[in-house]
Structure formats: structure tokens, C-alpha cells
Amino acid sequence: MKDLAEILVYIIVTGIFLYSVILICFYIFIGINSINETREYLNKNEITDYRLLAASPHAPSVSILAPAYNEGATIVENVRSLLSLYYNKLELVVINDGSKDDSLQKLIDAYQLEKVDFYVNYRIPTKEVKAVYKTKHPAYSKLVVVDKVNGGKADALNVGINITSNDYIICIDADCILEHDAILKMVKPFLEEGDEKVIASGGVIRIANSCEITNGRLTRVYLPENYLARMQALEYIRAFLLGRMAWARLDGLLLISGAFGAFDKEIAIRCGGYNTNTVGEDMELVVRMRRYMHEQDIPYKVTYIPDPLCWTEAPETATILNRQRNRWTRGTIETLRFHKKIFLNPRYDLLGALSYPYWLFFEMLAPLIEFVGFIVFLLLAFWGLINWHMFFAFLLFIIFFGYLNSIFAIYMEVFTYNQYRRRKEIIRLIWAALSEPFFFHPFVVWAGIRGYFDFFRKRKAWGEMTRRGFTKPKEQV
Amino acid sequence: MTIAIQPTTVPEYTLYAYTVLFAAVILLILISTSFYLRLRKRRFMIEKNVQAFFDQWLGQMLLGEFSEEEEIEIPGELQDRRKYRVGRQYAINQLINTKKNLIGLASRNVIYLYEKLGLKKSSVSKFHSRLWYKKAKGIYELYMMEQRDLQPQIQPYTNSRNEYVRTEAQTALLAFSGFKGLVFLGTLKYPMNSWQQVKLLEQLQPLDPGHFEALPAWLASANDSVVIFALKLAEIYQQMQVKDEAIACLKHDNPKVRGQAIQTLVRIGDDATPAVLEGRYLWETEHNRTLILEALEHIANEEVLPFLERELENDDPAVKLRAARAIARNVKGGLGILQHKAAAVSEPYEKIYLHIKSEMAR
């Protein structure tokens, strides 16, 4: 019995050790690929004049799909901001997903909307569309507002896909702030497609907390004052500038954030649109589209833009952040479960051999493995089986590697887009990185574990995401 | 147990050694970050100084107070020395941005200033670089500053293996020679993606249309992207004389070429074109069928009415809607036909009828 326990402990400890070694190798691999991809992107686009696309009649037609649920407080301003984006062949579709507040009425009043007869082609099955509104006001001619029965974000986006007649769709959160040239930069990869069809393109999301917003435009960037938001700013830099750029280089991206992503509409429809049975509909759609292209044997790629194009408000309280991470964990589990066929399946090339296993072991299982590791550590400590010299050596090794990863991400940010221009902000970002293993990281792991509990309890809710609203300049306040 | 790597096999001191290594790398990155921030600040100061000179010069340029005889004192920050390259690059970028927004004398003054400041040397040196992105940038600067004497050297790069160098060289040719610069289409070995085509079309857009003698040859090119581009030229500049070649492209092997031919024929076709498109409908891909129906929304006639009425019965609601739109917009009494259909079969034709009616009223 004692032997069995020893073997078990040995397997767990060795397993966790091997897991750490592989993870570190992955991080190094990601870092190297990210440098190369970012450098190449910057070199390629240094002399690009995006303005020529804005008014060109040869540019592809694009529809922005913005689902809105109880966004009455900000919807009019957000739509105004989206209507001011530079792009001629643009349509803005706002989908009111059965809001209980006065969102729809506010839009009708602000943009002089009128109900129009509209034949909805339910190519993707959705909840019923109650009405479609358009305006005769020439300044708002790009706006279409759809009122529908509540069905969740995925269902609202599917309605948007059914309604629009344009070639490409850009799905965003209605409360996001886009840079004025965001559409131009997102569309370019689709125009650059060669033998491989570009099916989707992702953009970088940045944290807008504490930033100054004037008339729906980001006017000054500041590092968030709130600790949790600041940590997320660091986390987003790491995820978007390192992780996703590296996966884009390998053409192994599995996730394009739901807050800002562009898709080839026809492929999205052929794949059945967004899945309404998951809370991770953004990741699920990308995986399904990739899987579809593989199964149809059509060469394709998913691209990524490192420019900061979309700004969003990050949760500032532990409760809301916990709900968000809980949902992300459930979304990842659901997506990987739906598409388990891909795992190590040679038919899916890199997708099956590398992307899926990485997401399974180092994204989905990470909180679980860390949590189990912690429990094992407590048990071993209780039984006096810990070699403390070795333990501290390992702990320092892991913590310092984590620091290295974060500091490198900060360096990449400074070297590329340098959004936080004050030296003080860089120092605060470094302090945030140093505190991460002791405060933020354990919190995120715990939120992930709760996500597992909720997944097994078959909880499907998104959880309410209360927002504080953006910072206005003093004179506006 | 045969696993080679296990915690107990890694000596403690090895882990500490790696930790120290990580700490050293972190320190190095932090020093680099600090150094880079300092460098950026210095660059900002240089750019600010250069900008001060520019503000003065630009004012003179806009007022037309600049003359070619006038000698300009070159400030220290713009001297042709390695340590001033940041200032020189900033100056080039500023001149290009300024020139994009100017025409006539003011635009010529920008070029004059560029030459007087000896910035051409910097662009030429980039053009001669072995790094593709520097070469592409050099070509860009040279054509933006209308340095036509470099055309013979740039021209061979229209067939460069690197697509960015190639695109800039092709754009340069159009910038230097207008429509005559399209001569590279005759020898192009590599494909042109849609972005490159948009860039070239936008470069041509402000120019007076030239002659298109080579258009039939381009439409018969072995390079599919050249055929697509030529079809776009025929469409935009309404080159009716290549209608037959465009119709021939409807039978091209590449569906993208066929798709562009359908779009082009909307602009250069005649009364027989709707029937020609109808004839191709059955043989086309789903995407190109959509393009045919979209084309017929603009050019359908009585001759294709039976076909459109047949498509009105199609199982796909999107096809029904497009066919209905083509009937309503082009056939005499088309809306009445739809109304009659709606009265006979209310679902879904009533909704389609109301949709089209509402669309036409707007």
C-alpha cells in the first residue's frame, strides 16, 4: 500500500514537472514566433496607405454586427462612434436582443428610424425577428437596427449574419470603442489572400479603463488605476502581442475574441453560424470554420492584426472578473468537447497536432492542474514529504520564468505600439507583473476551477457583466 | 520508472543557475526597455526640431514664396550623416504626407525641398538595400517624390520575387508613366492579389484614361490575376471594344476570372448580355450564380423573364429574393408580377413583395 502511494505521488509530481517543462518550452517557442511575426507585420505595413481603401469602390463590402442587450445608457453614443468609422462600403447592423430597457426607443428617436418591410432569410435558424428599422436621414444611411426576441449573444449575431448582404462581417461588442481605421486594417488581410482563402481575421483588444474618451473616441490612453484592470491590461498584452501573434504565424489560431473579429460571411453561414449552445461562441465558431475548411480540403488561413484597434472596459471587481473567467473556462471546455475529433487527428494537420493539444493541456486544463498540484503540495507538506530546498528552488525557477515572460511582453509593447507612454506607467506595469503570482494568478486559477464546477453542474448562464462606463475628459464631466 | 526527466534528477543548483539566468535576462530586458524609451524621447526631440523647420518651409510653400533659385540652409538635424538619419527619415515622411494633400505648385515645391535637402540620396540608398522592406520603402519614397530618372532602375522590380517590392515597383511605374506604366502587365510572372489591384486602380484613378490597345492581350494572359485586373480596367473605363473577350472569359477555367467577367459585363455588355449570363447560370459555382443574379438586378430584360420567374421558385430564399429584385427593377410591370405571385402564394412571396416594394420606395 505504501509502495502504491509512493508510486502515485511520484507519478503526480513527475507529471506536473514534465507539464511545467513543456509549458516553458511552449512559451519560449511563442516568444520567438511572436517577435518574427510582429517584425514582419510592421515591415510589411510601414508604408501602407490605408486611406485608399476607405473610399475605394473596389474595396469589399463590410457589415459590423453589434448585438446589444440592455445597453440603453450608452447605445446612442456607441452607435454614433461606430457610424463615424472610415469606410465607404460599410453597413452597421445593431441587433437589439430583446432588451428590457429603452435601448430600441432611444435608437429610434436618435436616428429617426422607421420600421421597414424586410424579408428575413433564416439561413441560420434563430429566434424571431420582430422588426427591422432603417432611416432616411442621409448621415445615418449605413445604420440598420434589428429588433428580435431575446436569444443570447450568439443568436443575435446569427440574426445579423442573416440580415446583412455584405461580403464580410465584423462582430463586435456594442460597448467597444474602435480606432477610426480599424475596419481598413481588418479588411486588408482578406484582400491579400492568395492561394489560401482568408476565412477570419482577429484584432487586438486593449483595456480602456481610466483612458479618456471624448464623443465615443479614445483621446488619451492611460494605464488602468484599478489593480484588477491593470493586471488584465498586462494579461492582454501578453495574450495578444505574444500568444496570438505566434499562433497566427503558425496558422494555428483557435480563438478570435468575440469583442472584435472579422469573418468571411459565406464560410460562416456554411458552417452554421454561431453556436447558441455554448458560452464560448467566439472560439467555437473559429474552430468550426477551420474544421470545415479542413474537411472540405480548401486551403485557408486565419490572420491576426497586432495593431491596437479595439478598446474595451475590463471588469474592476472580483465578482465580475470571476464571472468572466468562469465563463471563459466553460466556453473553452465546451468548444474543445464539441470538437474532440480534432485532437491528434492527422487529418487536421497543425490544428490537430499542436493547436488543439496546446489549448487542451495549457489553457483548458491549466487551472485544474495547478489546483491539483497545490492540493498535492499541501498533502505532501502535511505528511512531511517535501524536500524544502528543492521546493524553493523550483518555486523561484517558475516564478522567475513567469516574470521573464511578462517583462518580455512589456518590452514588446514598448518596442512596437508603446501605448503607455509615461515611464511611470511602464514601472507600474512591471510592478503589476511582479505581484501577479501572489494575487492575480491564484484568483484567476480559482475562477477557472469554479468554471469547472459550473460546467459539470451544466450551468449555461453568461453571468451579468456590469460596466462602470468609460472615463470622460474633465470638461465633459 | 524510466522517465528521464524527473524533479529529483534535476540538481538543485541547476535550478538556481537557471533562476539566476532568468533574472539576468529580465535585467537585460529592463535595461533595453529603459534605453529604448530614452532613445524614443531623443528621437521625439529631433523630430520636434525638424518639425520647427518644416512649419516655416511649409508656410512658404503654401504661400508660393518658394523658388527653385532660392538657397536653403540645411539644418544640422538634416545633414547627410549617419547620426542624423532619424531626422532625415522624419523629414521624408513629413514631405510625403504633405505632398499627398497638395497639388500644383505647392506639390512641386515639396519635391524641390526634398531634392534640395539631399533626401533623394537617402531614398536611393534604401532602394539599393538588400532588405526587401527597405527596398520597397525606397521605391515608395522615390515615386511619391516623382523621381522619374530612377524609372529604368525600378522597372525590372515589377517582376521581383518579393510581393511588396513588386507592388511598389508596379505602383511606381504608374506614378511615373500613368496608363503607359501598365506595360508591366504584359510580362508579369506573379499573381496580383486584390490589395495590389486596389492600390494600382487608385493610383490610376486621378489620371486621364489612356489608350488600352493592349487590353485584348491582357485579357488573354496566362496570368489569371492579369486577366482579372484587365477586366476591372475594362469595367471602370467602359472599354466596350473588349466585350467579346469579356464574354470569352465567362468560360475561363478560373471561377474568379468568370466572376469578374460577370461583373464587367454589367458595364460593357449590350442587350444580349442578360441572355448570355443566363446561359452560363447552370454551369456556374454557387458564388458566381449569385453574381449573375446580382448582375441581372441591373441589366435584366424581358428575354430573361422566364428564367427569373423560374428562379423565383428556387428553394433558396436568397435566390428568390434576388430574382424578385431583378424582375421588379428591370421588367415592365415587374412589381405587378410580384404582387400577383404574392396574391397566389402568400408565403413567402408576400414578404418578398413587400421587401422589394419598401426597398424601391427608399
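**Helix packing, nonpolar cores and the chain interface**

Helices α10(A) and α15(A) are oblique to each other (angles under 35 degrees count as roughly parallel, over 145 as roughly antiparallel, 65 to 115 as roughly perpendicular and the rest as oblique). The structure is a predicted model, in which local features need pLDDT of at least 70, side-chain atom pairs count only at pLDDT 80 or more, and totals for chains, interfaces and linings use all residues. Residues are numbered from 1 along each chain as its sequence is written, and chains are lettered from A in the order in which they are written.

The axes of α10 (residues 318-338) and α15 (residues 440-456) of chain A come within 7 Å and cross at roughly 55°, the axes being lines fitted to C-alpha atoms over the stretch in contact, with angles running from 0 to 180 degrees between N-to-C directions. Helices here are DSSP runs (H or I) of at least four residues, numbered from the N terminus.

Among the 131 residues of the largest nonpolar core, A66(A), V93(A), V94(A), I170(A), I183(A) and V286(A) touch the most other members; such a core is a set of buried Ala, Val, Leu, Ile, Met, Phe, Trp, Tyr and Cys residues joined through C-beta atoms within 7 Å, where buried requires 20 or more other C-beta atoms within 10 Å of the residue's own, C-beta atoms being placed from the backbone. Helix α7 (residues 227-249) of chain A gives the most to this core, with 13 residues.

Between the chains, 44 residues of chain B are in contact with 44 residues of chain A (C-beta atoms, placed from the backbone, within 7 Å). The largest share of the chain B side, 15 residues, comes from α1(B).

Key
Helices (H or I, at least four residues) and strands (E, at least two) are DSSP runs, numbered from the N terminus. A residue is buried if 20 or more other C-beta atoms lie within 10 Å of its own, exposed if 12 or fewer, and partly exposed in between; C-beta atoms are placed from the backbone. Two residues are in contact if their C-beta atoms, placed from the backbone, lie within 7 Å.
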